[in-house]
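Thank you all for making time this morning. I would like to walk you through one structure, beginning with the place where its chains meet and then turning to one of the chains by itself.

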Amino acid sequence: MEITRSDVENVAQLAKLKFDDDEIDQLRQQMSSIISYFEKLSELNTDDVAPLSHVLDITNRMRPDEVRESLPQDIALSNAPVSKRGYFSVPKVISND
Amino acid sequence: MREKSGSDLAVNSYSEIRNEILSRNITCTALTAHYLEKMDEGRDMNAFISFFSVHAMQQAEQVDLAIQNGNAGALAGLILAVKDNIVIEGQKATCGSNILNNFVSPYTATVIERLESAGAIIVGKTNMDEFAMGSSNETSHYGVVRNPLDPERVPGGSSGGSAAAVAANMCLAALGSDTGGSIRQPASFCGVVGIKPTYGRVSRYGLVAYGSSFDQIGPITRSVEDNARILQCIAGFDERDSTSADMPVPDYTTTLGQDVNGITIGLPKEYMGEGLQPDIQATLDETIQLLEQAGATIKPISLPHTEYAIADYYILVTAEASSNLERYDGVRYGHRSREAASLEEMYVNSRSEGFGAEVKRRIMLGSYVLSAGYYDAYYRKAQKVRRLISNDFHKAFETCDCLLTPTAPSTAFKIGEKTDDPLHMYLSDIYTVPINLAGIPAIAVPCGTDNQNLPIGLQLMAKPFDEPMIYRVAHFLEQAQR
């Protein structure tokens, strides 16, 4: 699979990452060789094989829906780069115009 | 009674000095001071990211008091280092990444709670590949760790700091995490013992997520007995980890010292031959002979889908990584870019400034295989092949009690040797990733050295939850070398 520069740019947008021209070029080459290697799996016929997503034989484990102690607000906010009045703060999302 | 100084205990395992600790021939404060000094002397190795000098001495005093009062825990005086992706309240947990450079954990991992209440003394957090993504410890934002046996070589990864710290005698044991070999390969490269327990055996509450269908915490130690004692303490159900297994925990020390007479040990042919360093093959052959002489039956077997394991693993693990690492967005914790006019820019800039090259590469690969149009071809296909690989192992365990293989195709390689070619680095994980795909337990145990005197570790695997079997055989191999 040949990965193009525009493939790299599209995936970067999905992954919320940005790269300069040299990095895009290097990623294009590295991703092409790694994704081509991934295609080795197509040698196997898996039509009748069920996907394995979890190796243990357990399904959703529910607990009673009871109120329990949780992190105090100041502790929960203690690692926030910016917080205001007990909230996480981010750059303005809605513009005025 | 003369109080022994820490330096009387040059290179012992915990099990060997435990009686001295309990009889108070050596105090935990003296022992801790000794190891803190060793950590300081070994700073050039770069095995540690944080040093808990003050905190460790306080813990030691408390453990001494408990021993004095006759309340010694099962691991009283165990000098322990912890990989920096396992969180401790009030302490930094960087995961080897710049993006978490200032992160201080607001809570403590279950494994740490259990170990501390058993009397373990935590002396610091160890260096690691960034977010555990790497096989050489070279992707850490905090610099490469040097192999204590040869400073020009890598300690392996991603738990490279943990393995190096144990091998260099800077602590008695360390915790690592293993997603595709990250405990076993560095243990092998540094000549120590490391187990990846069965998936679900140990709680992951407080382990920073990388590949959630693979990650497991496990101990790295200087002896098999130490390893079993620590797993005993950390194994078991935890309601705070919904993937932890609600299964009874057997006594892991009972099989230690049992012989291997009558055990059937499978030898997968796919783990030998092309690409395997010749002196590792020679060590494997000698070990086979030793086991046969002791009455074990050696049975050549096949795990036919082994050649697909690397592709399969890297599709699944990069997909899981790209999803798990979405949380680093500069909002709740971690690095936030100073240059961002909009929310979108803040996300993109924070992540691009905070993550290193290998982490970005894996996020990109994972985002690609999960993206529209490719999901079925890569991710779904890989989940199906995972079942085939897993079935290979289950079939093998119908006739074998355990399997014996090399841990890695080579001994510790040189720093910088594989950094230019990521695929080449991924391929070196060939003997460890199939175990994580199947979720079974495996241990790396030192079995010899190569022609440059670098340690060779062999790997023993068993069916799910049969850690007692691999401890039994590993202990036999360890004792046979003494």
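Between chain B and chain A there are 21 residue pairs in polar contact, counting pairs in which both residues are at pLDDT 80 or more, and I mention that threshold at once since what you are looking at is a predicted model. On the side of chain B that touches chain A, the elements that give two or more residues are the helices H9 (309–324), H10 (343–354), H11 (357–370), H12 (375–399), H13 (422–427) and H14 (433–438) of chain B. Which of these gives the largest share of that side? It is H12(B), with eleven residues. By residue type, the side of chain B that touches chain A divides into 36 nonpolar, 17 polar and 17 charged residues.

Turning to the contact as a whole, chain B brings 70 residues to it and chain A brings 50 residues. The size of an interface is often given as the accessible area lost when the parts come together. For chain B and chain A, that buried area is about 5,300 Å², and carbon and sulfur atoms give 69% of it. As for charged pairs, the count between the two chains is three salt bridges, and one that I would point out joins Glu239(B) to Arg68(A), where the closest N and O atoms lie 3.2 Å apart.

Let me now take chain B by itself. Its secondary structure comes to 15 helices and eleven strands, and its C-alpha atoms fill a box of roughly 70 × 55 × 45 Å when this is taken along the principal axes. A compact globule of 482 residues would have a radius of gyration near 23 Å, and the 21 Å of chain B therefore agrees with that expectation. Buried residues make up 66% of the 482 residues in chain B, and of the contacts in chain B with a separation of 6 or more, 76% are between residues 24 or more positions apart.

Leaving aside residues up to four places away in sequence, Glu478(B) touches Val193(B), Arg222(B), Ser223(B) and Val224(B).

Technical notes
Residues numbered from 1 in each chain as written. Chains lettered and ligands numbered in written order. Predicted model: local features only at pLDDT ≥ 70, side-chain atom pairs only at ≥ 80, totals over all residues. Heavy atoms only, no water. Contact = heavy atoms within 4.5 Å. Buried area = accessible area lost by both parts, 1.4 Å probe. Salt bridge = Lys/Arg side-chain N within 4 Å of Asp/Glu carboxyl O. Polar contact = N/O pair within 3.5 Å; in protein donor to acceptor, adjacent residues only side chain to side chain. Helix = DSSP H or I, 4+ residues; strand = E, 2+ residues; numbered from the N terminus. Nonpolar A, V, L, I, M, F, W, Y, C, P; charged D, E, K, R; others polar. Rg over C-alpha atoms; globule rule 2.2 N^0.38 Å. Buried < 20%, exposed > 50% of the residue type's maximum accessible area, 1.4 Å probe, protein only.
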